Structure formats: structure tokens, C-alpha cells
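Trainee: I would like to learn how to read a few features of a protein model. Please go through them one at a time.

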Amino acid sequence: MTGNRQPSPGSLSTLTEEAGLPTLKVALLGCGVVGSQVARLLAEQADDLALRVGARLELAGIAVRRVGHRRAAGIDRALLTADAHSLVSRPDVDIVVEVIGGIEPARSLMLAALKTGRPVVTANKALLAENGAEIYGAAREYGADLYYEASVAGAIPLLRPLRESLAGDTVHRVLGIVNGTTNFILDRMDSSGADFAESLEEAQALGYAEADPTADVEGFDAAAKAAILASLAFHTPVTAADVHREGITEVTAADIGSARALGRVVKLLAICERCDGGISVRVHPAMIPRSHPLAAVGEAYNAVFVEASSAGRLMFYGAGARNRLAGTRGPDASTYARLPVMPMGETVTRYHVSLDVDDRPGVLAPVAEAYARHDVSIEAVRQMSRGEEAQLVIVTHTARDAALAATVRDLEALPVVRAVASVMRVEGEEE
């Protein structure tokens, strides 16, 4: 028998009814892939969420660009509105959840919500990396909460530990894989020997990469996340424009193979670290030892390695609402330190350089002189003959990035060097 079936004793529905919980109205901005899933979870897990939060979460409305557009199954079309600004300012709205993405209109809508004192939940890494200071400032000025845990590393609880658990500690370095698409591509290149184009095509077929993968493969997504991580870790305002960015489109199967021969693997890394009197924030592909914890992170997973004075080394790994009732304030992105962001040329790093050279005596001498001229020490040299030419692979000790770049320019000008086949930075402990 169906119909108005009464909830069984002890069920979640019974518990929430007996608790007499209040209701919090949620304005959802955006109803795409992410937004539709947020709406689904709020509906399907309503009772469970109510007992966890201490209030029932009820959708007040869903702002979309086109009300008549086809929607995912289960979306109540009566909640749809094209007037997002009216929705966020409605007096009955308690919480605003922004999943539109991009800069505008997300920025204007978030500011409008914060200026009314309403808490905002967002996963908009691009906006926070570009206009974070303005958004954080509005939250402070109007006493509103701002939560953005999902803006970096998906469901991995990373930002809260940086903000709160390590608040009394000094973070020295944050090193991480923060983009699942590029990690999937590089992992496939390493495991199958496929080139970049083949691995990207597989990622797109499996839904890990967009039809236009530029934001991922060129490092824009990772750079935005690095800016957020650096801002939190070092209490310094950092925007995406401050981040040195390189993507993975130039990584070849030969680079992957060379890394394997050296006991290393190639990963796209977001690296935020303290340096002499400032901080360095960069995103680029790099070779790391296969013994490093990040080397084992495969598929579309994310992982972030944090090094702090007291806590030591911590690793966060995983698949890529404000307490309105208690009236607590949301976490703040404190930027009291305001450390200078050092230019990439001042960053201390290591290089792996692959050269196509003449296969004859006397080649190594001018190559070594080019390194010595810029005070760059050579750690290891490997040479493989290929008929009239040879491949020369050189791994350096640490040096200023500007000195390493100048060395590469000198190498390109040497008569014995036919081509600089590849240049890649090396991270991890020197062996």
C-alpha cells in the first residue's frame, strides 16, 4: 500500500520532525553540472543534512540564465529564475551558494549577497584568485561568512587545515597536484608510453577533460588554485597574475621516458614556498623522484604536500554552510604578512636539460663551460649515441632560475649543440 505512508519510528524523518528544527532558505546561483548536483543532494539528503546542520536546508530559488533551458531530472522548475540579483537580496534567503563560475556575474552577485550579511558558499577558484581581496574585504566589512573549501582540490579538506589547524604554525612549503585532468594525462603518458595528444583524447573521452581543455593543460586552473593556497599559507595577498605558469602541452613522450630512466616521474605541480624575504608561487611540469609521496598519485586524483615548522610534513589526498544558527563568523583569509612575491628568476630550482649534440670528441667541454659561466653546478650527465649525433642529458644542482635560463640560451648558441630538445625543472630531494 502506498500513499501517505508514515515514517517508521526512529527514521531520519521522524527524528527531524521531533527535533522541531528551523528552516534555512538557500539561494542557488547556477544549475549546470555542479549546480544540479547541489540541488539533488539538498533534496535527497535533506533529513541527514538537517540533523548534521541543526536546521532544514530548503531551496528558495535557483538562478539560471535561461529558464526554459533543458534541466537535469529532479530539478523543480518552479524554483528557476533569471533574476539572480533579486534572488540573492530576497529577505527570506539565509544562505547563497554560487556555482556559476567565472568572474561576472558571479563577482557582482557574491558582493551583493555579502553586503546584506548573508553567508556565501562558493567553489569559484578563478574569482577568488582574481578578486579575492575584494571578496574577502566585503565579507569582513559586512560581517558575512565566506566558505570556499571546494575551490581547491575538490572534496579534499585542505583549506580549512591551512586556515585553522596550522594557524599557529609557520608553513614553509606547499607542493601539490591540484588539477586532476593534467594528472590523468601525465599518468597515462607514463604508464602507456602514449604521447600528449593521445592521452588528452583519452581524457576527453572519459570525461576528465573538457572539449576545450585550455584552462587545464595550459595551467590556468592550477595557477588560480596556487594563488589561493599561497594566500592562506603565507597570509599574503596573491593573485593568479603573481603565479609563474607553464602547462603540459610541451611535455613529450621522450621527456617521460627520460624521467623514467632517472627514477623519476613528471607531474604538473603547484609550488608555493618561502624564500629569502618573500615567497615564490609557481605552476609547471617537473620531474620528482618516484619515492616522493606525490609520485604515486595517479589517474585524476589530487594531492597536496604541506611542510610546516611544528606540524612537519602533512599530505592531503583525494579524488579531485556557515553555522548560521550559532552565529559564528566564517573563516577569514588573513593577509597581515604581505610578503613580496618573488619573480621566477629569483626562485632556486634545478633543471633537467636534454640536448641533441654532435657525436664527436670535445663536445662536453663547451657544454660544461656554459654551465660554469653562470655558476650552475652539474649533478649528473648521461649520453646516448645515435649515429652522427648523440643525446646529452644533464641534471643540475640547485641554482637561480634566471641563471639556469641564461645557461640554456648559451647552450642553444653553441655550434656543437644541434638542438635543445627539452628543458624541465626537477623537484624533490637531491639524490
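**Reading the model**

Mentor: Y317 is partly exposed, at a relative accessible area of 48%. Buried means under 20% relative accessible area, exposed over 50%, and partly exposed in between (1.4 Å probe, protein chains only). This is a predicted model: local features need pLDDT of at least 70, side-chain atom pairs count only at pLDDT 80 or more, and totals for chains, interfaces and linings use all residues. Residues are numbered from 1 along each chain as its sequence is written, and side-chain values use heavy atoms, with hydrogens and water left out.

Trainee: Which strand holds Y317, and which residues make the nonpolar surface patch with Y317?

Mentor: Helices (H or I, at least four residues) and strands (E, at least two) are DSSP runs, numbered from the N terminus. Y317 lies in strand β12, residues 312-319. Patches take residues with over 30% relative accessible area and no salt bridge; like charges are joined within 9 Å, nonpolar side chains (Val, Leu, Ile, Met, Phe, Trp, Tyr) within 5 Å. A salt bridge is a side-chain nitrogen of Lys or Arg within 4 Å of a carboxyl oxygen of Asp or Glu. Here Y301, M315 and Y317 make a nonpolar patch of about 290 Å²; accessible areas come from the Shrake-Rupley method with a 1.4 Å probe, and for residues only the protein chains shown count as cover.

Trainee: In what order do the six strands of the open sheet lie?

Mentor: Two strands pair if DSSP finds at least two bridges between them. The order is β3-β2-β1-β4-β5-β6, with parallel pairing. β3 (80-81) and β6 (146-147) are the edge strands, each pairing on one side only. β2 (residues 56-63) is joined to β3 by two bridges, and I62 has L80 in β3 as its bridge partner.

Trainee: Why do the buried residues of α12 line one face of the helix?

Mentor: Helix α12 spans residues 253-261, and D255, I256, S258 and A259 are buried there. Seen down the axis, the buried residues of α12 fall within an arc of 165°, so they line one face; the arc is that of the directions from the helix axis to the C-beta atoms. The face turned away carries the exposed residues A254 and A261. G263, with a positive phi near 75°, follows α12.

Trainee: How many residues of α11 are buried?

Mentor: In α11 (residues 220-234), 14 of the 15 residues are buried.

Note on methods. The expected span of a helix is 1.5 Å times one less than its number of residues.
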